[in-house]
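Visitor: Could we go through this chain together? I would like to begin with how a term is used and then move on to particular residues.

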Amino acid sequence: MSELEPAGDVPDWDIADRMRKALRTADIGVGEMADYLGVSRTSVSNWINGRIEPSFQTVRLWSIRTGVDLEWVLGRTLVLTGRGSTIRPSLTLASASGWRLAA
């Protein structure tokens with residue numbers, strides 16, 4: 001997600017964004033996750049790049065492996081809470097025209 005609508009909007013991360021952030025936070029590579037799930041690296045890449053939506057079971061296992069709350073990965077909560085709660089949407093002023101999501 002690179003740009004947001006006018007100031008005051010909440011970042012709208014999709015499941016691919018959240019899965020990618022969970023991987024990064026857990027310091028797990030695509031190959032390691034693929035091995036854990038018993039799938040190809042291509043499948044993991046397709047999920048984290050938003051080309052294919054994963055099954056609920058895959059997301060549940062993803063959450064378990066990364067230690068990131070399932071409700072957050074599914075997009076049911078905006079802010080991750082609990083153990084290691086470092087994943088939070090961060091807004092920065094990009095220009096006078098609006099806000100952008102900080103990486």
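Guide: Before any residue is discussed, one term is needed: contact means heavy atoms within 4.5 Å. Please also bear in mind that this is a predicted model.

Visitor: Understood. What does threonine 66 touch, leaving out residues up to four places away in sequence?

Guide: Threonine 66 touches Ala22, Leu23, Ala26, Ile28 and Met33, with residues up to four places away in sequence not counted. Threonine 66 itself belongs to helix H4.

Visitor: Is threonine 66 buried or exposed?

Guide: Threonine 66 is buried, because its relative accessible area is 10% and the cut-off for buried is under 20%.

Visitor: Let me step back. How many helices and strands does the chain have?

Guide: There are 5 helices and 2 strands. Along the sequence they follow the pattern α-α-α-α-α-β-β.

Visitor: And what percentage of the residues is buried?

Guide: Of the 103 residues in the chain, 33% are buried. As for contacts with a separation of 6 or more, 52% of them are between residues 24 or more positions apart.

Visitor: Turning to H1, which of its residues are buried?

Guide: The buried residues in H1 are Ile15, Ala16, Asp17, Arg18, Met19, Lys21, Ala22 and Leu23. The buried residues of H1 pack against H2, H3, H4 and H5.

Visitor: How does the span of H1 compare with what 1.5 Å a residue should give?

Guide: The two agree, because the 12 residues of H1 should span 16 Å and the end C-alpha atoms are 16 Å apart.

Visitor: Which residue caps the N-terminal end of H1?

Guide: Aspartate 14 does, with a side-chain oxygen 3.1 Å from the backbone nitrogen of alanine 16.

Visitor: What follows H1?

Guide: Aspartate 27 follows H1, and its phi is positive, near 55°. Most residues other than glycine have a negative phi. Aspartate 27 lies in the loop between helix H1 (15–26) and helix H2 (30–37). Aspartate 27 counts as exposed because its relative accessibility is 69%.

Visitor: What does tryptophan 62 touch?

Guide: Not counting residues up to four places away in sequence, tryptophan 62 touches Met19, Ala22, Leu23, Met33, Leu37, Val44, Trp47 and Ile48.

Visitor: How many aromatic pairs does the structure hold?

Guide: The structure holds 1 aromatic pair. This pair is edge-to-face and is formed by tryptophan 47 and tryptophan 62, at 6.4 Å centre to centre with 75° between the planes. It links distant parts of the chain, as tryptophan 47 is in helix H3 (residues 41–48) and tryptophan 62 is in helix H4 (residues 56–66), 15 residues apart. Both tryptophan 47 and tryptophan 62 are buried.

Visitor: Which arginine lies over the face of tryptophan 72?

Guide: Arginine 18 lies over that face, at 4.6 Å from the ring centre. Elsewhere, arginine 65 lies over the face of tyrosine 36, at 5.8 Å from the ring centre.

Visitor: Back to H4 for a moment. Is serine 63 buried or exposed?

Guide: Serine 63 lies in helix H4 and counts as buried, because its relative accessibility is 8%. Apart from neighbours within four places in sequence, serine 63 is in contact with Val68, Asp69 and Leu70.

Visitor: Last topic: where is glutamate 71?

Guide: Glutamate 71 is in helix H5 (residues 70–73). At 30% relative accessibility, glutamate 71 counts as partly exposed. Leaving aside neighbours within four places in sequence, glutamate 71 is in contact with Arg76 and Thr77.

Visitor: How far apart are glutamate 71 and arginine 60 in space?

Guide: Glutamate 71 and arginine 60 are 9.3 Å apart, C-alpha to C-alpha, and 11 residues apart in sequence.

Methods. Residues are numbered from 1 along each chain as its sequence is written. This is a predicted model: local features need pLDDT of at least 70, side-chain atom pairs count only at pLDDT 80 or more; totals for chains, interfaces and linings use all residues. Side-chain values use heavy atoms; hydrogens and water are left out. Helices (H or I, at least four residues) and strands (E, at least two) are DSSP runs, numbered from the N terminus. Buried means under 20% relative accessible area, exposed over 50%, partly exposed in between (1.4 Å probe, protein chains only). Rings of Phe, Tyr and Trp (its six-membered ring) pair if their centres lie within 6.5 Å; planes under 30 degrees apart count as stacked, over 60 as edge-to-face and the rest as tilted. A charge sits over a ring if NZ of Lys or CZ of Arg is within 6 Å of the ring centre and within 35 degrees of the ring normal. The expected span of a helix is 1.5 Å times one less than its number of residues. A polar contact is a pair of N or O atoms within 3.5 Å; within protein, one must be able to donate a hydrogen and the other to accept it, and residues adjacent in sequence count only if both atoms are side-chain atoms.
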